[in-house]
Amino acid sequence: MASVLVVEDDQFVRSALIRHLTDASHIVRSVGTALEALREVAHFRFDVVILDLGLPDLDGSEALKMLRGITDVPVIIATARDDETEVVRLLNAGADDYLTKPFSVEHLSARIAAVLRRSRAGAAEAPPPSVLRVGGLTVDPRRRQAELDGTRLDLTRREFDLLAFLAGRPGVVVPRRELLAEVWQQSYGDDQTIDVHLSWLRRKLGETAARPRYLHTLRGVGVKLEPPVDGGPR
């Protein structure tokens with residue numbers, strides 16, 4: 001059983017996918033636009049996303065790029081486009097698999113199972129480290145929980161990944177390129193993606209870029225996380 005997000009604007013196709021995936025014992029949520037999909041992955045954890053390219057508000061390839069900016073959930077492209085150049089481009093942009101419409105339910109189920117096997121195998125190869133502590137900040141990668149001065153932080157998946165990566169290297173300036181590669185699993189990308197997540201993270205840590213306590217940005221170099229100078233609780 002998997003948690004699946006279906007992103008498809010055609011109501012008939014969407015209803016059919018929901019019905020068949022539910023019959024296969026999956027938990028399914030569905031949306032019809034790219035912006036709705038982004039909101040879903042920001043607030044819920046999914047095992048796989050099935051993404052149509054012909055969305056009304058944003059082309060699916062752009063939606064894929066934005067999804068990769070906030071989550072590393074496996075994405076299966078499901079579309080009527082069958083141009084090989086397009087397929088290669090989307091796979092290089094972060095898609096995990098590609099299905100050309102029309103396709104059978106059995107074919108889709110097999111692709112989902114294969115993507116989930118790869119995803120879970122990769123997670124099993126790298127067991128999370130023990131609890132990380134930086135000043136009053138505690139990060140538990142195994143339980144995917146973080147606390148600041150004993151208060152639980154409500155973090156999105158990507159915010160937690162970013163915080164945990166930096167907490168594992170306290171006081172070390174991490175280049176933006178390394179953050180993209182290790183946290184976003186991308187060899188290249190937009191610095192604005194990092195800036196936005198740092199801004200959200202700072203807000204939850206009770207600080208700002210102008211008055212940082214834990215998160216420090218070195219312009220043109222990278223980002224580091226270290227204990228506040230005062231050393232005590234907020």
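These legends describe close-up views of one predicted model. In this model, local features need pLDDT of at least 70 and side-chain atom pairs count only at pLDDT 80 or more, while totals for chains, interfaces and linings use all residues. Residues are numbered from 1 along each chain as its sequence is written, and side-chain values use heavy atoms, with hydrogens and water left out.

**View 1. The largest nonpolar core.** A nonpolar core is a set of buried Ala, Val, Leu, Ile, Met, Phe, Trp, Tyr and Cys residues joined through side-chain atoms within 4.5 Å. Buried means under 20% relative accessible area, exposed means over 50%, and partly exposed lies in between (1.4 Å probe, protein chains only). The largest core has 28 residues. L137, V139, L163 and L179 have the most contacts inside this core. Seven elements each supply at least two of its residues: β6 (132–134), β7 (137–140), β8 (145–148), α6 (157–167), α7 (176–182), α8 (191–205) and β12 (222–225). These helices (H or I, at least four residues) and strands (E, at least two) are DSSP runs, numbered from the N terminus. Helix α6 gives the largest share, seven residues. In soluble globular proteins, nonpolar side chains tend to be buried together.

**View 2. L137 and its partners.** Which residues does L137 touch, not counting those up to four places away in sequence? They are L132, E147, L148, L153, L163, L205, Y214 and L225. Contact here means heavy atoms within 4.5 Å. A second, separate core has 23 residues, among them V7, A34, L38 and L51.

View 3. Helix α8 has 15 residues. From its first C-alpha to its last, α8 reaches 21 Å, close to the 21 Å expected at 1.5 Å a residue. That expected span is 1.5 Å times one less than the number of residues. Six residues of α8 are buried: I194, H197, L198, L201, R202 and L205. They cover an arc of only 140° around the axis, so they sit on the same side of α8. The arc is that of the directions from the helix axis to the C-beta atoms. The face turned away from this buried side carries the exposed residues Q192 and R203. G206 follows α8, and its phi is positive, near 75°.

View 4. A salt bridge is a side-chain nitrogen of Lys or Arg within 4 Å of a carboxyl oxygen of Asp or Glu. By this rule the count comes to twelve. One of them joins E159 and K204, at 2.7 Å from N to O. E159 is in helix α6 and K204 is in helix α8, so the pair links parts of the chain that are 45 residues apart. E159 is buried, with 2% relative accessible area. K204 is partly exposed, at 30%. Elsewhere, salt bridges that share partners join D59, R81, E86 and R89 into one network.

View 5. E8 pairs with K101, and their closest N and O atoms are 2.7 Å apart. E8 sits in the loop between β1 (3–7) and α1 (11–23). K101 sits in the loop between β5 (97–100) and α5 (105–125). Is E8 buried or exposed? E8 is buried, at 4% relative accessible area. K101 is partly exposed, at 24%.

View 6. R111 and D97 meet at 2.7 Å, N to O. R111 lies in helix α5 and D97 in strand β5, so the pair ties together parts that are 14 residues apart in sequence. R111 is partly exposed, at 23% relative accessibility. D97 is buried, at 15%.

**View 7. R68, a buried arginine.** R68 belongs to helix α3 (residues 60–70). R68 counts as buried because its relative accessibility is 7%. Its side chain makes a polar contact of 3.0 Å with that of D96. A polar contact is a pair of N or O atoms within 3.5 Å; within protein, one must be able to donate a hydrogen and the other to accept it, and residues adjacent in sequence count only if both atoms are side-chain atoms. Beyond its neighbours within four places in sequence, R68 is in contact with residues including V73, P74, R158 and W184.

**View 8. L90 in helix α4.** L90 lies in helix α4 (residues 84–92). L90 is buried, with a relative accessible area of 1%. L90 touches L53, S61, L64, I77, A95 and Y98, leaving out residues up to four places away in sequence.
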